[in-house]
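Trainee: Please walk me through this model, one feature at a time.

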Amino acid sequence: NPGALGFIEEPDISVSGNLYGYRYFKLENGLGPEVDVFTGGYLLYPQMLSSVFKLGKENPWYINFNWLTRNNAFKIINERYEQDYDVIPTLDGIEHFSVSLDYFQELSEQWVGIGTGRKIGDHWSVGLSVFGTYRWQLNRFEQVAEAYPQTDFVTLPNGDLQPWHVASSTAMQRVQFENFQVIAKAGLAYEKDQWKVGLTVTAPSINLNTSLLELGYVTRDQRQQNLGKPYDLAEIFTKGLFDYRVSDKQKNLPTNHKKPLSIGFGLEREFGRDRIMFACEYFFPIETYAVIRGEQRADLINPPFLQPLLDRPNYMTIYEQNKAIFNWGLSYEYMLDNGISVHGGFRTDGSYHESDYSEEWEGAMDLLPFPVDFLHFNAGFSTPTKAGEFTLSFHYAHGMMDDKEPILNMVDVIDHNEETGENMRGTQPAETELTHFQINMVIGYTHIF
C-alpha cells in the first residue's frame with residue numbers, strides 16, 4: 001500500500017529472498033487408474049528489494065523503490081506408460097500400447113516500481129506507485145500414443161497383408177512469450193493509537209505492445225493414423241478417422257497479457273506486545289481474451305483435401321480467462337523482553353484462471369492448463385541489529401485442485417471409442433488426488449539509515 005509511506009519514520013533499505021526450498025507435486029491417477037504423475041525440485045531465487053527515503057528533511061513526500069519477483073514457477077512432468085491390451089478391436093489378439101507425456105512450464109515475472117506518499121494531518125496518509133512489469137513464460141506439451149501388434153506381419157480384416165501396422169495419435173504444443181506492462185496503485189492509510197487501517201486500489205494493467213516488442217512464439221503439431229478401420233473409407237469419412245497432420249510454427253507475434261482491477265484492505269490492532277493483522281484483496285474477473293493470436297494459414301492441414309473438413313480457426317491462438325477471486329490472510333506477532341519478535345500467519349491464494357469451453361474459443365490453447373489453489377502458512381522471528389532488523393521465517397504452501405479428471409486417461413485404451421468418439425483414450429474411469437506442497441526458508445534484512 002503506497003498510502004502507508006507517509007508513516008515511515010526513518011529511511012531504510014530492505015532485501016529478502018528464498019534461501020532454500022523444495023517443491024513436491026504428485027497427481028494420483030494422473031494418467032488413469034493407478035498411474036501417477038510426479039515432479040519435484042529445489043528452489044532458489046530472489047524475492048524482493050525495496051528502499052524508502054526522503055528528498056530533504058523538510059520535504060513531506062517519501063519516495064519508495066521496489067524490485068520484486070512477482071511470480072516464479074515451474075512444472076516438469078515426464079511420464080511413460082505401457083500396457084499389452086486389445087487396443088485395436090479390428091485386429092485379432094492384443095497389441096502393445098505405449099504413451100509418453102512430456103510437459104514443461106516455466107514462468108517468471110519481475111516488477112520494478114517507484115512510489116511516493118505523504119501524511120495528510122496527523123492520522124492520514126496517501127500514496128501512489130507505478131510498476132513496470134516483465135513476464136516470460138514457456139509452456140511445452142507433447143503426447144505420443146501408439147499401439148501395434150508385436151508380430152512380423154499383420155492381416156487386416158479385409159485380407160490385406162501388411163509387414164507392420166501401428167495406430168497412433170500425437171500432439172505437440174509449444175508456446176513462448178514475453179510481455180511488458182505498466183501497473184498503477186493508489187493507497188490510503190490511517191493510524192491512530194493502537195489501530196492501523198489501509199486501502200489499496202490496483203488499476204488494470206496497460207499492455208506495452210509495439211512492433212518492437214512482438215515476442216510471441218507458437219508451435220503446434222497434431223497427427224493421427226490407422227484409427228478405426230483404415231481400409232473402410234465410409235467409416236473414415238463418417239467418423240473423421242482420417243490419417244492427417246496439422247502443423248504450424250509462427251514467431252514474432254504480438255502478445256497481450258492482462259492484470260485485473262483489484263481492491264485490497266488491511267487492518268492492524270496492537271495489544272501491548274501483541275499485534276494482530278488482517279488483509280484481504282478482491283480481484284475482478286477478466287473476460288476471455290487472446291494472449292497470442294497467430295495467422296490462420298490455408299496450408300495447415302495435410303492431405304490438402306481435408307482442409308475444408310478440419311476447420312482450425314483458433315489453431316494458433318492462446319487464450320486466457322480470469323474469474324473473480326477473493327484472497328485473505330491473518331497474522332500474529334508477539335514481542336519478547338529482549339526485543340525479538342516472533343510471528344506466524346496464513347493466507348489463501350486462489351487461482352484466477354478459468355477454462356473457456358465456448359464455441360468461440362474452440363481449438364485454442366489454454367495459457368495455464370493446470371490451475372492450483374494454495375494455502376500458505378508461515379512462522380519465524382525478527383531480531384534487532386545495530387543498524388536495522390534481521391528476519392528468518394519458514395514458509396509452507398499446500399496446493400489444491402478442483403478438477404478431478406486425469407491429465408490423460410491412458411489405461412485400457414481403444415483406438416476409437418464408439419460411445420464417446422474419443423481416439424486413443426482410456427476406458428477405465430478415474431479420479432485424481434493431488435498432493436502438492438512447497439517449503440521455503442526465507443531471510444530478510446532491513447537497514448535503517
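**Reading a predicted model**

Mentor: Go to Pro-303, in the loop between strand E16 (301-302) and E17. Keep in mind that this is a predicted model.

Trainee: What kind of peptide bond joins Asn-302 and Pro-303?

Mentor: Read omega. The bond between Asn-302 and Pro-303 is cis, with omega at about 5 degrees.

Trainee: Let me step back. How many helices and strands does the protein have?

Mentor: There is 1 helix, against 25 strands. The C-alpha trace spans about 95 × 45 × 30 Å along its principal axes. For burial, 44% of the 449 residues count as buried.

Trainee: How do I read a sheet?

Mentor: First the general idea. Strands of a sheet pair through backbone hydrogen bonds, and they do so either parallel or antiparallel. Then read the order. Here 3 strands make an open sheet, E15-E17-E20, with mixed pairing. Strand E15 (286-293) and strand E20 (365-366) are the edges, each pairing on one side only.

Trainee: How many bridges join E15 to strand E17?

Mentor: There are 5, and the two strands run antiparallel. Strand E17 covers residues 317-322. Ile-286 has Asn-322 in E17 as its bridge partner. Arg-293 is partnered by Thr-317 of E17.

Trainee: And which way do E17 and E20 run, parallel or antiparallel?

Mentor: Parallel, with 2 bridges between E17 and E20. For a landmark, find Tyr-319, which stands opposite Asp-366 in E20.

Trainee: How many residues of E17 are buried?

Mentor: 6 of its 6, so E17 is mostly covered, given that buried means under 20% relative accessible area. One side carries Thr-317, Tyr-319 and Gln-321. The other carries Ile-318, Glu-320 and Asn-322. Both faces are covered.

Trainee: Next, backbone angles. Where should I look for a positive phi?

Mentor: Look at residues other than glycine. Asn-29 is one case, with phi near 60 degrees. Asn-252 is another, also not a glycine, with a positive phi of about 55 degrees.

Trainee: Where is Asn-29 found?

Mentor: In the loop between strand E1 (12-28) and strand E2 (37-54).

Trainee: Why does Asn-29 count as buried?

Mentor: Because its relative accessibility is 19%, and the cut-off for buried is under 20%.

Trainee: And where does Asn-252 lie?

Mentor: Asn-252 sits within a strand, E12 (residues 244-253). Asn-252 is partly exposed, because its relative accessible area is 43%, between the 20% and 50% cut-offs.

Trainee: Last topic, surface charge. Which residues form a negative surface patch?

Mentor: Asp-402, Asp-403, Glu-405 and Glu-431 form that patch. Take Asp-402 as the example. Find Asp-402 in the loop between strand E22 (388-400) and strand E23 (413-416).

Trainee: Is Asp-402 buried or exposed?

Mentor: Exposed, because its relative accessible area is 65% and the cut-off is over 50%.

Trainee: Let me recap. E17 pairs antiparallel with E15 and parallel with E20. Asn-29 is buried, whereas Asn-252 is partly exposed.

Key. Residues numbered from 1 in each chain as written. Predicted model: local features only at pLDDT ≥ 70, side-chain atom pairs only at ≥ 80, totals over all residues. Heavy atoms only, no water. Pairing = 2+ DSSP bridges. Helix = DSSP H or I, 4+ residues; strand = E, 2+ residues; numbered from the N terminus. Patch = residues over 30% accessible without salt bridge, like charges linked within 9 Å, V, L, I, M, F, W, Y side chains within 5 Å. Areas by Shrake-Rupley, 256 points an atom, 1.4 Å probe, with all protein chains shown as cover. Salt bridge = Lys/Arg side-chain N within 4 Å of Asp/Glu carboxyl O. Lys, Arg positive; Asp, Glu negative; His and termini not counted. Charge placed at Lys NZ, Arg CZ, Asp CG, Glu CD. Buried < 20%, exposed > 50% of the residue type's maximum accessible area, 1.4 Å probe, protein only.
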